[in-house]
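Let's take a walk through this one together. Have the sequence and the model open side by side.

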Amino acid sequence: MTTSNAALRSWVEEVAKLTRPEAIHWCDGSDAEYKSLVESMLTSGDLVALNQDTYPECYLHRSDPSDVARVEHLTFVCTPDKADAGPNNNWMSPDEAHEQMDELYAGCMRGRTMYVIPYCMGPIDSPYARCGVELSDSPYVAANMKLMTRMGKPALERIEREGKFVRGLHSTGELDPDRRFIMHFPEELLIQSYGSGYGGNALLGKKCHALRIASWQARQEGWLAEHMLIVEIESPEGEKHFIAAAFPSACGKTNLAMLIPPESLSGWKVRTIGDDIAWLHLDEDGQLRAVNPESGYFGVVPGTNAKTNRNAFDMIRHDAIFTNVAVTADNEPWWEDKGEGEPATDWRGRPFKADSGPAAHPNSRFTVSAKQNPSYSPLADDPKGVPISAIVFGGRRRELAPLVYQARDWQHGVLVGASVASETTAAATGKVGVTRRDPMAMKPFCGYNYGDYWRHWLSFAEKSDKLPQVFHVNWFRRGPQGEFLWPGFGENLRVLRWIIDRCEGRSGAQETPIGHLPRAADLDLDGLEIASETIEQLLSVDPDSWQAEFAHLEEYLQEFGSRVPEGLQAELEKTAAALRG
Ligand code: OXD
Ligand code: MN
């Protein structure tokens, strides 16, 4: 196979000349191709077959122990002007980065096959979708890209029609953390990744293309590329709403997108459009519409069980790739809080010992096609996307942030998004559980200066008078003994209902300096056992703590100097003044 697109042909030739692969395989995206990729990885030991009776077509990949998460300190945005990447990104000049990467790539695919992986982010016939081609020497990447994206022939045909595509070059290299880089060249629509096989570093359609490069393109073209799930909620009366929600990595986006209503709300239906990324566009009527650029999930495994996420639990019982989970004596995948079975072998393939850390890696993952999700919405394939009623921001905060609050208007909503902070998780290397600022949950993914990004967000107010309402949630408030105050999971639908009712002007709220909060009576708590003092605690705003929070936020924004838009600064001052009373 080859292509009629001359630019793609000559790029493939140029890369082959540099990296020297033994063979070049053009991926067609067929099921037969997926099967043969799996077969070859079973032979090479890259994959291990799991119990095929209880987990048919499920396989385990054990990564190098040094290569289990995104590496933010090795991820760069390479713009000619450092200020365009902003203090939120690591920066290297394009010339220096190219020189360094060319050196690493020289001859790196000797003895290996280079896979040419054409893919489309978004429904294949959507005007909002964008295509890319990843060149990779990893069959694990090729197989995962088949599950995660619309990969193969239809994508190549679209590239041949349109002529435009994002280029991504990936080599597993030696998996040496000292020779590992994830480089982005937004002006060249180019990604270069070396030395890691981990999803977020190696499946270039996801974080690298659909967020870092796409956020840059989105600013130029007037749309938004966001780290958001998209969920469809239908009331017993048949009223439908779509909510987009941004939470940092491993803070429950997948669980919320696949929520199962509690028994007392059994007439409600929840369906998944996406669990990680949303591309948001204004249509000709000024309605914000969302498409999920992905067509599969790369989700965190630990904690997934029949109670927390029944849909995901069922969806990963067949045709799934597991990365870095443990294995039972029956050769079934196992992870912490699975709720059944016990580990015999840990994620590194060693006999499991209870005193030598978790059996599954805390950032172990599943990869599956979205179509396997019992709550999959066919609207995920709608080329027009879905109309968004509410945008919800959230973080993992043991203190301060109440269960839910609503921004006063769009400008205030941008401040609410910019003020997101969250405890770090195992999704990236580094310390876990440290609170860090993570505006719009995009800290690791915004491909340009945050100051310019907030300005771009604010500009939507001039383009439409029908923008979604903006909210903030916190499922993770803790009590004095460290216990979670809110039950979370399916019960979060109670909060989403209040959000929907606010969008429809149907439910009450109290005004506070940080925004509108429900009173206990404004939430449907029927059938939920929760003490009234706990609800009061979840719905309270402590002005002193919030003043301290705003002082911290102001200091943080100052890092972005004159790039911080006036509208955001003005909104910050307005809220800070209200907090002072
Ligand atoms: C992810 C992440 O894998 O955010 O989605 O790290
Ligand atoms: Mn994510």
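Around the second largest pocket sit 23 lining residues, with Gly29, Asp31, Lys146, Leu147 and Ser369 nearest its centre. This is a predicted model, where local features need pLDDT of at least 70, side-chain atom pairs count only at pLDDT 80 or more, and totals for chains, interfaces and linings use all residues. Numbering runs from 1 along each chain as its sequence is written, chains are lettered from A and ligands numbered from 1 in the order in which they are written, and side-chain values use heavy atoms, leaving out hydrogens and water.

A pocket here is an open set of points on a 1 Å grid over the protein atoms alone, where a 1.4 Å probe fits and protein lies on both sides within 12 Å along at least five of seven lines; lining residues have an atom within 4 Å of a point. The volume comes to about 560 Å³, counted as the space filled by probe spheres set on the points, which are joined across faces, edges and corners.

Helices (H or I, at least four residues) and strands (E, at least two) are DSSP runs, numbered from the N terminus. Domain 1 (6–46 + 69–222) and domain 2 (296–372) each supply at least three lining residues; the bounds come from an automatic or database domain assignment.

Now for the metal. The manganese ion (ligand 2) is held at 2.2 Å by Lys207 (NZ), His227 (NE2) and Asp276 (OD), donors being N, O and S atoms within 2.8 Å of the metal (3.2 Å for Na, K and Ca); water is not among the atoms, so sites may look incomplete. Lys207 belongs to helix H8 (residues 205–221) and His227 to the loop between strand E12 (224–226) and strand E13 (228–234), so the pair links parts 20 residues apart in sequence. Lys207 is buried at 6% relative accessibility, and His227 is buried at 1%; buried means under 20% relative accessible area (1.4 Å probe, protein chains only).

Finally, some strand pairings, where two strands pair if DSSP finds at least two bridges between them.

| Strands | Sense | Bridges |
|---|---|---|
| E19 (321–323) and E22 (365–369) | antiparallel | three bridges |
| E6 (113–121) and E7 | antiparallel | seven bridges |
| E7 and E9 (166–171) | parallel | five bridges |

Six of the seven residues of strand E7 (130–136) are buried.

Technical notes:
Buried means under 20% relative accessible area, exposed over 50%, partly exposed in between (1.4 Å probe, protein chains only).
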